[in-house]
Amino acid sequence: MRPTLGRLAMAACVGLWPASAVEAQEPASAEPSPPPSAPATSSGGAEVGLDFWPDAGFGRPRLEGVYSPVVPDFDARPAPTRPWALHVSLSGLAEDGVGDSAKLEEYREIGAWDAGLRFRHRTEGFFADVVGRNLPLAHRDLVIEAGRPGVLKGRLSYDQIPHNYAFGARTLHTGSGSGRLSIDDAVQARLQASASAADATTRARGAVAEESFALDVGHTRKKAALALGSRALGPVEVELEVARELRRGTRPTGGSFGLANTVEIPWPIDYETREVRGGVEYAAPRLSAALGYTGSWFSNEIDALRFDNPWRITDSSTRAAASNFAAGPSSGQFDLAPGNEAHTLGLTAALGRLPWKGRLSVAASRGWMRQDDTLLPYTVNTAVVPVPPPAPVPPFDATDPANLPASRVDARMDTALLNLRLQLQPASAVRVVAHYRYYDLDNRTRALVFPGFVREDAEWRAPDTPGAIFTNLPVAHTRRDAGVEGSVDLSSAGRLSLGYTRRELDREFREVARMDEDRLRAALDARLLGWAELRASYEHARRDASDYDFSQHHRRQGEAEFPVLPFLVKWDEADREQDRVQVLATASPAEALVLSASLTHGRNDYDRSPFGLLGDRFTVYAGDAAYALGERLSVQGSYSREEYRYDQAGRSWSGGRPGDPYLVDTTPESLSNWQAREESSTDTIGAGLLAAVTDRVRAGLAFSYSRSDGSIAYASPLGTAATDANAFVPASFPEVDDIRFRHFQADVEYRLGPRLTASLAYVWEAYDIADFNTKGFVFVPASTDGAFASAIFMGTLPRAYNAHLVSLTLRLDL
Amino acid sequence: MGARPVCLPGRWQHRLLACALVLAGAVLLATRSGRAASAEGQPAAPAPSATVDARLCQQCHWDKFQSYLESAHGRSGDAPSPAAQAQCESCHGTAERHVQGGGGRGVGALLTFAKQTPVAQRNAPCLTCHERGQVALWHGSAHDSRKVACTDCHAVHGGHAKLLAQPTEPQLCTQCHLPVRGALLKSSHHPIREGKLACTSCHNPHGTATEKLVSAASVNDKCYECHAETRGPFLFEHPPVRESCLNCHDPHGSSHEYLLVAKRPLLCQRCHQNAGHSSALLARTAPDAAAGLTVYQLRAPALVYRACNNCHVQIHGSNHPSGKFWHR
């Protein structure tokens, strides 16, 4: 690990302290003497030191300095002669350009006022800490800790996290946040009465323009927790924590009534999660063992979401193909996240002082996940009358849950984990670590047999093959890892490690039943010249999969192989060659200078996959430098560049037409094949400085800039409509999530007196995005002929902002 | 749907309040005995096992001593703490020769925790007490194997919360994990740079039983802690989702929405190219692009906006009898 500026900061702090304090550093005398007078605190020079890293924007002190009174000074300590300290701060904020983008306030609120406090109490037998941040704002949190050192500790916390997706979105639905999203019957009737696709587009656009509602899409987490821990019983430590989290609000989601009929809606969130954690640990010099339990109960206050179809006022029994107003249900219904519970019982033990300085550690756990929700009916569309192909099943009412094969899900999953690690040191410079890990996910959910299902609440879908069934497949897997790593200390300053790990993965109900992976790893960690460190590692892994059974999913249900592309190998089940290289170099050639650079490169090749993901590459270069110019100024700069590339192949096809791998193009070669190369890069620049201008004034600057550019290049052999399912030259997408994020912050802190500090801060933050999905966005898309009213969106994609914020903070230290 | 668990019934607010009262009472009791033993803010009397009175150390190292005094290490009422053991010598070794030699750098062979000191020597004093709890699986863990010293991350004298050497965990961890620093600034991110989550929300740098030092039995188990709505188990599972959330998401940050590792629809088409729309070449034709047509002017609902997720919404799993394709 690298040296940090903490050391530099300490030196700087010393320089700021009163001369009397520095002079107190006299050689030791034989007898203890009274402690030297404390440095000028609590608003003394020590607090204006350089005791933090100018992190260029993403760290809590720099980013939230504007919004939060929890400025770095809160790390300052109270005077030693007083057992308590209280810091209270109040901020006023002015803003410009915040606008209607929710991105600026994605996880925070920009408010006119802010306040915070920190209280600290210390005596030999009691401690208490209270920290409250952003107390009037939506992202407030409060932590109270108290106890008797070494005996009892309690922690009460409250945390609130907003998550805003979009401000000022538009929707035709009322009832946002509830389980029923309704559209005015008149609107539905008017759209259903469209004369043509172009007319439907016009009518939909008119409805959105005149009859839609504005809404903010987002939710807030509120979590309260209480934890108690005790070491009153000597080597036995007991911990207990209870927590409750509420989530309320909405998030954007899509709802469809057929391939050409999509409407974006606000998904209601009304969740509650309760958690209990408990544990007891015994620790002695040779043996430690801990037993723990975690229970988690999740419940959803809204069982289902029923949402109206803008284009239909009456139900029909078929799906809209091209003219969405001509067919489809009047509404659809989602089954929302089911209430569920999970329990985990874990044991961790470590046995030391074995031969060869050996140490054995064991971690084992058993988990249970349960969910037994009531099943909704197949559909809410009253016009759908299922006629399953097996003759014994008569037509039935698909809206009646009594016609389901079961009334409840009764889903069960059990997990088991065993992790063993044995470390030996047969010679002083040699260390061997052997490890074994077993993880099993056993899915005991019962398989239900369905005669068919209702696709998007629009039409009955029976199995393609007579006699076939639809059933849920209880996917499961078991993973075993075993390996050994040997390392040799080349000197007191270096270590060379070599390791080998074999992984075996067994799956149920997937295309590949068994995968093995062999991984070799070499690492070098060295300190050079006493002031530089080098850390390098290389990994190579080879993964082999057993036979790829591309149609197992369908065959399990009695279906024919169709319609899966038989040549495609899913990347997470494919043979793979993987390489990883990581190098990190750190140097501190002078006391006040720290330099570091890193290179990370990786590749994955799925060389036996003709379709799907073929391979990927990534390289990340990064470097930073920090320098303390004298005792009153430190500067820091960093730069990183990430480059990613994914190569992918596909084939456009449908049954009996060009590209059909079963009937027409039965080999991997086809004019309907296509290739895609997705590339992206991200450059991140950070710079900052922090200056103790005088003993009373501290100033800081921080800047960060993140720039992401992406593109997708398509290629495809050109054929005719008779031979090529994509008989056109595809254009590439030069703009794929091209994002610019800039953050600049300047702040000045002035110590008005021993107990009062004022801070003035300015922040400029700008966010911009260019993407083929944000370019030309309209609520109701339409093709050039005015048709294609297949979707109504709410407008929840991220929006740009350019905000200026100024804050004044007063802090009182008592 | 929405069946509420039967366990832990009742009003939680009341339970929480009751627990808080119990906590307050316990703390109060603990405090009463603590007060009697304490001379506020003053160093405790020398521990029996110390060869040199800590008050002597502070004559020269008063700044270090001050931070020690205010940290958990300086509480003599806590039996295992250095203050109750051999004070400064608990970590730095016998100081007799150092004092007799008049002090100074290198005098008396004290353990200094400087970079030049072998990592094993630097870590040994810490592990004497902290080889338990969160640190129980330290030996043989990723950081231990790479010769990371406790003092590389913790500044025992004058550190921040948890004695970290940097004010926040992201600032500390990204000193070595430099690529993550850029990821945290990306458009789609967890609220880490807002200070609501930290590295240890998901990782235990002191060692775990799971890869990448994830502090749960599996990656998914860690994600479920906050995203319990995706836990299921579901009637219709999406197999790669159940195996690892990382198949589709990069939790450190992404330029794509929802922390996705690739752009939709290509992300989905890595695995799904069935007959019909899922296999289609979802792009504009070159003439359309040349004419300046946006994707919203094309007949490609699977391409625009959130692509496949416009319709396949329940991608984490569906409990609906008609949710075979995760539409419902």
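**Confidence**

I noted at the start that the model is predicted. I looked up the overall scores and found ipTM 0.90 and pTM 0.89. For chain B I read an average pLDDT of 85, with 85% of the residues scoring at least 70. Where pLDDT is low, the predicted coordinates should not be read in detail. I therefore leave the contacts of such stretches without detailed reading.

**Interface of chains A and B**

The contact takes 270 residues from chain A and 165 residues from chain B. I counted polar links as well: 81 residue pairs are in polar contact between the chains, both residues at pLDDT 80 or more. On the chain B side that touches chain A, helix α1 (residues 12-37) gives the most, with 13 residues. That side of chain B divides into 70 nonpolar, 58 polar and 37 charged residues. The salt bridges between chain B and chain A number 20. One I looked up joins the side chains of K196(B) and D141(A), at 2.9 Å from N to O.

**Sheet β6-β11-β12 in chain A**

I followed an open sheet of three strands in chain A, with the order β6-β11-β12 and mixed pairing. Which strands stand at the edges? I found β6 (180-181) and β12 (331-335) there; each has a single partner strand, so one side of each is left without a neighbour in the sheet. Strand β11 (residues 304-308) pairs with β12(A) in the antiparallel sense over five bridges. In that pairing I placed F307(A) opposite G332(A) of β12(A).

I moved on to β29 (residues 673-692) and β30 (residues 697-715) of chain A, which are antiparallel over 18 bridges. A hairpin of four residues joins β29(A) to β30(A). Across this pairing S681(A) stands opposite D709(A) in β30(A). I also checked what else pairs with β30(A): strand β31 (residues 738-751) of chain A does, in the antiparallel sense over twelve bridges. There F703(A) stands opposite F744(A) in β31(A).

Note on methods:
Residues numbered from 1 in each chain as written. Chains lettered and ligands numbered in written order. Heavy atoms only, no water. Pairing = 2+ DSSP bridges. Helix = DSSP H or I, 4+ residues; strand = E, 2+ residues; numbered from the N terminus. Contact = heavy atoms within 4.5 Å. Salt bridge = Lys/Arg side-chain N within 4 Å of Asp/Glu carboxyl O. Polar contact = N/O pair within 3.5 Å; in protein donor to acceptor, adjacent residues only side chain to side chain. Nonpolar A, V, L, I, M, F, W, Y, C, P; charged D, E, K, R; others polar. pLDDT = per-residue confidence, 0-100.
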